[in-house]
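Here are my notes on the model you sent. They are numbered so that each point can be taken up separately.

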Amino acid sequence: MSNHIGSTPRAVVSGASIAGLSAAYWLRRTGWEVTVLERAPGFRDGGQNVDVRGVAREVLRRMGLFDVVKGLNTTETGAVLVDGRGEVTAELPAGPEGATAELEILRGDFARAILDHLPPGVEVVYGDTITGTTEEDDSITVTTASGRVLRADLLVVAEGVRSATRDLLFDGLVDRRALGVNMVFGTIPRTPGDDDRWRWYSTVGGRQVHLRPDSHGTTRAILSYPRDEDLAALDRDRALARVRARYTGAGWETERVLDGFDASEDVYVDHLTQIRMPTWHRGRVCLVGDAAWCVTPMGGGGGSLALTSGYVLAACLSRANTEPALTAYERWMRPLVDSVQKLPPGVVRLAYPRTRLGLALRTLVVRALSSPLLAPVAARLTRVADTDRPLPALA
């Protein structure tokens with residue numbers, strides 16, 4: 001399969017977050033005409049922490065954005081476990097590959113940094129979605145809800161874990177693996193008691209409360225607990241009502257977080273679900289980021305994999321025609337993804353102890369991993385999106 005539309009190949013990218021913008025950046029850098037479609041009416045700021053680890057740091061350097069992203073750091077300096085009085089009971093492992101990475105940034109800030117540095121000529125269209133595609137031997141035609149008809153050499157789907165376009169075009173190939181964990185993310189007002197650490201509180205029933213600093217004068221909060229019920233399937237008010245009932249008597253900063261979520265415009269509810277697929281491309285369609293392989297926060301490194309996937313896709317396309325290039329892209333990315341998706345047995349129960357005894361044991365484990373003796377073990381456990389293989393070169 002070769003490119004025949006013209007002397008300049010054309011790509012349509014669906015999704016304007018980290019994976020989609022990385023793909024747009026690198027495809028344009030390698031000579032493609034690129035149109036990015038985003039269903040939201042405008043750029044989506046906000047979101048929680050992501051970090052840049054492993055090979056993604058080199059991708060960032062090649063974009064010339066390492067210092068830019070470092071300058072947008074959330075200001076978080078470390079991570080601690082706290083009890084119901086807010087007293088520290090253990091410190092999570094620190095260092096370059098610790099719980100708090102050197103490059104710790106909010107999702108919206110990260111995506112905006114890429115958006116602001118896109119090469120000239122990338123068209124970004126907001127408030128539009130793909131409604132259908134027609135593929136021929138030498139092109140793919142994309143139609144949108146607004147009536148656009150875009151003819152291209154390649155469609156890159158970067159719509160996230162619940163991608164409708166992926167489900168339409170890869171019907172029967174999407175393996176959704178729910179981890180049985182609900183997470184509610186939101187931005188709440190900062191108080192004088194907040195500091196520069198990620199504070200992590202756990203109580204019986206597997207209920208967790210997380211408070212993390214940001215660089216915008218607010219605090220990012222997370223409520224997380226194990227349950228098969230899919231909160232993401234509910235509307236916001238019903239989901240928050242269920243969470244409030246679940247957290248009755250949980251203690252520490254729970255009521256503050258719940259009240260903050262009620263008033264916040266930046267609340268996201270997720271039922272953690274891995275996406276696993278036997279292939280990430282079909283014809284002239286390719287998946288990148290969470291649409292292809294969502295690893296969830298339990299695996300970590302989702303932002304790093306998203307950034308890396310855009311570079312690897314463009315590098316492979318710069319060296320081969322479409323079909324061999326997409327195969328090469330998968331071959332390079334899959335070991336990186338597989339290493340993150342393979343969660344250790346029992347990891348959910350370990351991360352979410354339900355009894356006071358389980359909580360005490362988890363605290364002891366964290367203290368042990370933070371000790372000098374076991375620090376190398378902890379570093380290996382938190383090492384994600386890393387590889388000894390060199391990145392594929394741009395032609």
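**Notes on the predicted model**

1. The axes of helix α6 (residues 236-246) and helix α7 (residues 254-263) come within 11 Å and cross at roughly 175°. This is a predicted model, and the points below should be read with that in mind. An angle over 145 degrees counts as roughly antiparallel, and α6 and α7 are therefore roughly antiparallel to each other. On the α6 side the contact is made by R236, L240, V243 and R244, and on the α7 side by E255, L258, D259, F261, D262 and A263. By type, these contact residues divide into five nonpolar, five charged and no polar.

2. R244, which lies in helix α6, is worth a separate look. Not counting residues up to four places away in sequence, R244 touches E255, L258, D259 and D262. R244 and L258 are 14 residues apart in sequence, and their C-alpha atoms are 6.7 Å apart in space. With a relative accessibility of 28%, R244 counts as partly exposed.

3. The loop between α6 and α7 contains W252. W252 has a positive phi, near 50°, in a residue other than glycine. The relative accessible area of W252 is 19%, and the cut-off for buried is under 20%, so W252 is classed as buried. A second case is T75, in the loop between α3 (66-71) and β4. T75 is not a glycine either, and has a positive phi of about 85°. T75 counts as partly exposed, at 40% relative accessibility.

4. Next, the seven-stranded sheet. This sheet is open, its pairing is mixed, and the strand order is β5-β4-β13-β14-β15-β12-β16. Its edge strands are β5 (88-91) and β16 (267-276), each of which pairs on one side only. On average, neighbouring strands of this sheet are turned by 25° against each other, direction ignored. Within the sheet, strand β4 (residues 78-82) and strand β13 (residues 197-203) run parallel and are joined by five bridges; V80 stands opposite R199 in β13. Helix α13 (residues 356-369) packs on the sheet and touches β4, β5, β13 and β14 (207-213). The direction of α13 makes about 45° with that of β5.

5. The other sheet to check has six strands. It is also open with mixed pairing, in the order β7-β2-β1-β11-β18-β17. β7 (122-126) and β17 (281-282) are at the edges with a single partner strand each, so one side of each has no neighbour in the sheet. Three bridges join strand β11 (residues 154-157) to strand β18 (residues 285-287), and the two run parallel. V156 stands opposite C286 in β18. Helix α11 (residues 322-341) lies across β11, β17 and β18 and runs at about 15° to β18.

6. How many of the residues of strand β1 (residues 10-14) are buried? Five of the five are, so β1 is largely enclosed by the rest of the structure. In a regular strand the side chains alternate between the two faces of the sheet. Here R10, V12 and S14 point one way from β1, while A11 and V13 point the other way. β1 and strand β2 (residues 33-38) run parallel, joined by five bridges, and R10 stands opposite E33 in β2.

7. A hairpin is formed by β8 and β9, with two residues between them. Strand β8 (residues 130-136) and strand β9 (residues 139-144) run antiparallel and are joined by six bridges. The bridge partner of I130 in β9 is T144.

8. In soluble globular proteins, nonpolar side chains tend to be buried together. The largest nonpolar core in this model has 82 residues, of which F110, I114, Y329 and M333 touch the most other members. Helix α10 (residues 302-317) supplies the largest share of this core, ten residues. Leaving aside neighbours within four places in sequence, the contacts of Y329 include W280, C286, W293, V312 and L313. There is also a second, separate core of 22 residues, with L211, Y225, A239 and L258 among them. L258 is also one of the α7 residues in the contact with α6.

Technical notes:
Residues numbered from 1 in each chain as written. Predicted model: local features only at pLDDT ≥ 70, side-chain atom pairs only at ≥ 80, totals over all residues. Heavy atoms only, no water. Pairing = 2+ DSSP bridges. Helix = DSSP H or I, 4+ residues; strand = E, 2+ residues; numbered from the N terminus. Axes fitted to C-alpha atoms, helices over the stretch in contact; angles between N-to-C directions. Contact = heavy atoms within 4.5 Å. Core = buried A, V, L, I, M, F, W, Y, C linked by side-chain atoms within 4.5 Å. Buried < 20%, exposed > 50% of the residue type's maximum accessible area, 1.4 Å probe, protein only. Parallel < 35°, antiparallel > 145°, perpendicular 65-115°, else oblique. Nonpolar A, V, L, I, M, F, W, Y, C, P; charged D, E, K, R; others polar.
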